[in-house]
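Please take a moment to look over the sequence and the fold before reading on. The paragraphs below go from sheet to strands, then to helices, and end in a loop.

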Amino acid sequence: MKILLLILSLLPGIALAQTRMISAFPPGGAVDFLARVFADELARSSGRPMVVENITGAGGLLAMQALKGSPPDGSTLAVIVDSSLVVYPHAVAKPAYSALSDFTPIAHAGGTVMVLAIGSHVPAKNFAEFVAWAKANPDKSSFGASGGGATLQFYGTLIAQTVGMPLVHVPYKGVGPALADMVGGQIAASLAPMGPLQPHVKSGKARALAHSGSARIPSAPDVPTFKELGYPGLELPVWFGVLGPAGMKPDVAAKLNEALVQAMRTPAVRERMTRLDLDVREMNAAEFAALVKADYERWGRIIRASGWKPTE
C-alpha cells in the first residue's frame, strides 16, 4: 500500500481530490465491479477520495463520450469492456469517437471468455456433435445473443464461418432473455459469459460446449477452448480495460498503470477477480495500447467478413 501511495503522490498534475472513475455500465456487472474495486484501492492507497460515476446507456457509448471530453491530467479514468473500443467503431457508419486517437490506454483490467452453450433439448453432447446436428437441421440451428451489431453476434458468425455450419443469429435485449429462450427450447444455442450461464449448466438445462479463451477456466474445467478443439482462429478472449482521455502524458499513464497493476496483485482484489472468472494479465501501458490496436484491427476484419452493414 505504501508503494501505491508513493506512486499516486508523484503523479504530476492530478487533482486527486477531484478524481473520478467512470463505470460504463450499471451496478451489478463486471465493469461496475472493477470500477469500484479500483476506485477503492486507489482511494485507500492515496488517502484521497475517488468517486465512481455510472454513465450508462448505448452500450458504453455515453461513458466513452464523457471520457473523451475530460481533461487529460489523470483526474478522470474509465473502466470499459473491449467492445466499446474495438467493436463499436466498426459496427456503425459514423462512430462518435476514434478508438485509436481519442483515448489513452492505461491498463488491462482482466479477461473473460465467450461460451457457446446449447439447450438440453438439442441432442448433442459436445461441439462436434452440435456441428453435425446443425448441418442436419439448418432450420433449427439458431443462437441467441444480446443486441444486434454487438460482439457476441459477430463471434457467433465467426464460429459458423470457421467451422462451416449454419448458425442463425437471434438478437435479444440482454444475455438473460437469450439464455431463458435457450433453456426453454425456443432457440438451439446461445453465446454468453460463463457467470450467467453456470446456473443453467448446473441444473442440467444447458450444456457448455466450448469457449473463446486461451486456457480452461477454474469454474468450468470440463469445458474446452475452441483452440483445443482445433480452431485456433476462435481464440478471442474478452477483456476489460482502464482508459484515460487522449493527450495524457506517457509518464502519467505509466504511473497509473503501475498503481493499477499493484492493486491487482493484492490478495483481496485478486480473489474478487477470480470469483468473476477474470484472468489477470499484467501489461504496461504500451503493451496494453498494442493489444487495443491489434484487437481493433482484428475485429474490423471479422465484422467486414460477417457481411454486417454498418448502422447510422
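Contact here means that heavy atoms lie within 4.5 Å of each other, and an angle between two elements is taken between their N-to-C directions, on a scale from 0 to 180 degrees. With these terms in hand, and bearing in mind that this is a predicted model, one can begin with the helix H12, which lies across strands S4 and S10 and runs at about 80 degrees to S4.

Both of those strands belong to an open sheet of five strands, whose order is S2-S1-S3-S10-S4 and whose pairing is mixed. At its edges are strand S2, residues 51-54, and strand S4, residues 103-112, each of which pairs on one side only. Neighbouring strands in this sheet are turned against each other by 25 degrees on average, with direction ignored.

Within the sheet, strand S3 (residues 76-81) and strand S10 (residues 238-245) run antiparallel and are joined by four bridges. To find one place in this pairing, look for alanine 78, whose bridge partner in S10 is leucine 243.

Another antiparallel pairing links strand S5 (residues 115-119) to strand S9 through five bridges, and here glycine 119 stands opposite alanine 206 in S9.

The axes of helix H8 (residues 175-183) and helix H9 (residues 194-202) come within 10 Å and cross at roughly 20 degrees. Because angles under 35 degrees count as roughly parallel, H8 is roughly parallel to H9, and the crossing of the two is right-handed. On the H8 side the contact involves Val175, Leu179, Met182 and Val183, which meet Pro196, Leu197 and His200 in H9. By class, this contact has six nonpolar residues, one polar residue and no charged residues.

Finally, the loop between helix H11 (267-275) and helix H12 (285-306) holds aspartate 277. The phi angle of aspartate 277 is near 60 degrees, a positive value in a residue other than glycine. Is aspartate 277 buried or exposed? With a relative accessible area of 16%, aspartate 277 is buried, because buried means under 20% relative accessible area.

Key: Residues are numbered from 1 along each chain as its sequence is written. This is a predicted model: local features need pLDDT of at least 70, side-chain atom pairs count only at pLDDT 80 or more; totals for chains, interfaces and linings use all residues. Side-chain values use heavy atoms; hydrogens and water are left out. Buried means under 20% relative accessible area, exposed over 50%, partly exposed in between (1.4 Å probe, protein chains only). Angles under 35 degrees count as roughly parallel, over 145 as roughly antiparallel, 65 to 115 as roughly perpendicular and the rest as oblique. A crossing is left-handed if the near helix is turned anticlockwise from the far one by less than a right angle, and right-handed if clockwise. Ala, Val, Leu, Ile, Met, Phe, Trp, Tyr, Cys and Pro count as nonpolar, Asp, Glu, Lys and Arg as charged, and the others, Gly among them, as polar. Two strands pair if DSSP finds at least two bridges between them.
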